[in-house]
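My notes follow in the order in which I went through them.

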Amino acid sequence: MDFTHLGRTGLSVSRIVLGTMNFGPHTEVGDAHAIMDAAHEKGINFFDTANGYGRAIYPGRTEEIIGEWFAKDPANRHKTVLATKVYGDMGDGWPNEGKLSALNIRRALDASLKRLQTDYIDLYQFHHVDRDTPWEEIWQAIDVAIQQGKILYAGSSNFAGWHIAQAQEAAARRNYIGLVSEQSIYNLLVRDVEREVLPAAQYYGLGVIPWSPLQGGLLGGVIRKENEGVRRLEGRSKETLERLRPQIEQYEAFADELGHEPGELALAWLLHQPAVTGPIVGPRTMEQLESAVRAVDIKLDEKALGRLDEIFPGYKTSPEDYAW
């Protein structure tokens, strides 16, 4: 496994991030623990979760599963860079059960620590921008948590470029380090962050953590699996496949030409992009985890990267993307 620093921090994290969203609703406890064991064995030390994950059972169930794994062996926690998130409503709709008020940050953080059976979180991420809470309030709440030793770093998720700038400038006024990472949807099919989010992250020194790197399986060899009768898409994914079928066919053919599995190629492409720390993979099986790890060793030359840009065109930095 390769490691890199998270943004401008001195924190070393694996270039593959273990996503845990499936733990509970789709991956039962024993299999989830086995996947986390295997992740450590393969050198993955960066685990991502959120306080709302597991909602199909009940919000917080995924954090509980991770906490149960930590409780089995203290070394598990010591070897893990743990990231979780705050924002979603965790209650019954009563006021102050979600978003980024100082009150909710305090309550949600303590609840996450209890479920995770740990006394600190390495990376505490804002799951969404809160347009109603001023950054002065948010940073004050985070500063209190840092002083209490409950979190080490703060990150964002699903922020626009100007949200990142707003957060960082407010942090600078308080002499805080501010955000150290941004978690965004980013893959060969969805490249919108290239316009403003990636440039903002690079300027302010944030590590970018892409989620949905295979776009719901569309970049994971979906046409081959469809032809083999292994997988059938429905709903929006099926509509997207039909709309982009010629491009995805070219992509899968190019992956075959390079001698790589389509999903591994998609992850490798992300690892070649500026500011990207590592993509989040959410394996349901051990085979999917092993496939993700293989992507780290794939090296793509300029010709291969250029061909991928031809199949799935990206964006220039704004304003050059739409102006001179």
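Entry 1: I began with strand β4 (residues 46-48), which runs parallel to β5 and is joined to it by three bridges. I note at once that this is a predicted model, so every value below is computed from predicted coordinates. Looking for a residue pair in this stretch, I found Phe47 standing opposite Leu82 in β5. On to the next neighbour: β5 and β6 also run parallel, and four bridges join them. In that pairing I picked out Lys85, whose bridge partner in β6 is Gln125.

**Entry 2: burial of β5.** How many residues of strand β5 (residues 81-86) are buried? I found six of its six, so I wrote the strand down as mostly covered, buried being under 20% relative accessible area. I then sorted the side chains by direction: Val81, Ala83 and Lys85 point one way from β5, while Leu82, Thr84 and Val86 point the other way, and all are buried.

**Entry 3: the whole sheet.** Stepping back, I traced eight strands that form an open sheet, in the order β9-β8-β7-β6-β5-β4-β3-β10, with parallel pairing. Its edge strands are β9 (207-211) and β10 (280-281), each of which pairs on one side only. Further along the order, strand β6 (residues 121-126) and strand β7 (residues 151-157) pair in the parallel sense over five bridges, and there Leu123 has Tyr153 in β7 as its bridge partner.

Entry 4: β8 and β9 run parallel and are joined by five bridges; as a residue pair I noted Glu182, whose bridge partner in β9 is Val208.

**Entry 5: helices α5 and α6.** Next I looked at helix α5 (residues 135-147), which lies across β6, β7 and β8 (179-185) and runs at about 150° to β7. For its packing against another helix I looked up two quantities, since two packed helices are described by the angle between their axes and the distance between the axes. For α5 and helix α6 (residues 161-173), the angle is about 65° and the axes are 10 Å apart, and α5 passes α6 in a right-handed crossing. On the α5 side the contact is made by Trp135, Glu136 and Trp139, which meet Gln166, Ala167, Gln168, Ala170, Ala171 and Arg173 in α6. Sorted by class, this contact has five nonpolar, two polar and two charged residues.

**Entry 6: helix α7.** In helix α7 (residues 197-204) I listed Val197, Leu198, Ala200, Ala201 and Tyr204 as buried. They cover an arc of only 160° around the axis, which puts them on the same side of α7. Past the end of the helix, α7 is followed by Gly205, whose phi is positive, near 75°.

**Entry 7: Leu198.** From that list I followed Leu198, which is buried with a relative accessible area of 7%. Leaving aside residues up to four places away in sequence, Leu198 touches Tyr186, Val193, Val208 and Pro274; Val208 is the β9 residue noted above as the bridge partner of Glu182. I also looked up the separation of Leu198 from Ala275: they are 77 residues apart in sequence and 6.9 Å apart in space, C-alpha to C-alpha.

**Entry 8: backbone exceptions.** Ala275 has a positive phi of about 75° although it is not a glycine, and its place is in the loop between α10 (262-271) and β10. With a relative accessible area of 25%, Ala275 is partly exposed. Asn158, likewise not a glycine, has a positive phi of about 65°; Asn158 is found in the loop between β7 and α6, and is partly exposed with a relative accessible area of 30%. Lastly, I found a cis peptide bond joining Ser318 and Pro319, with omega about 5°, and I located Pro319 in the segment after α12 (302-311).

Definitions and conventions:
Residues numbered from 1 in each chain as written. Predicted model: local features only at pLDDT ≥ 70, side-chain atom pairs only at ≥ 80, totals over all residues. Heavy atoms only, no water. Pairing = 2+ DSSP bridges. Helix = DSSP H or I, 4+ residues; strand = E, 2+ residues; numbered from the N terminus. Contact = heavy atoms within 4.5 Å. Axes fitted to C-alpha atoms, helices over the stretch in contact; angles between N-to-C directions. Left-handed = near helix turned anticlockwise from the far one by under 90°. Nonpolar A, V, L, I, M, F, W, Y, C, P; charged D, E, K, R; others polar. Buried < 20%, exposed > 50% of the residue type's maximum accessible area, 1.4 Å probe, protein only. Arc of directions from axis to C-beta.
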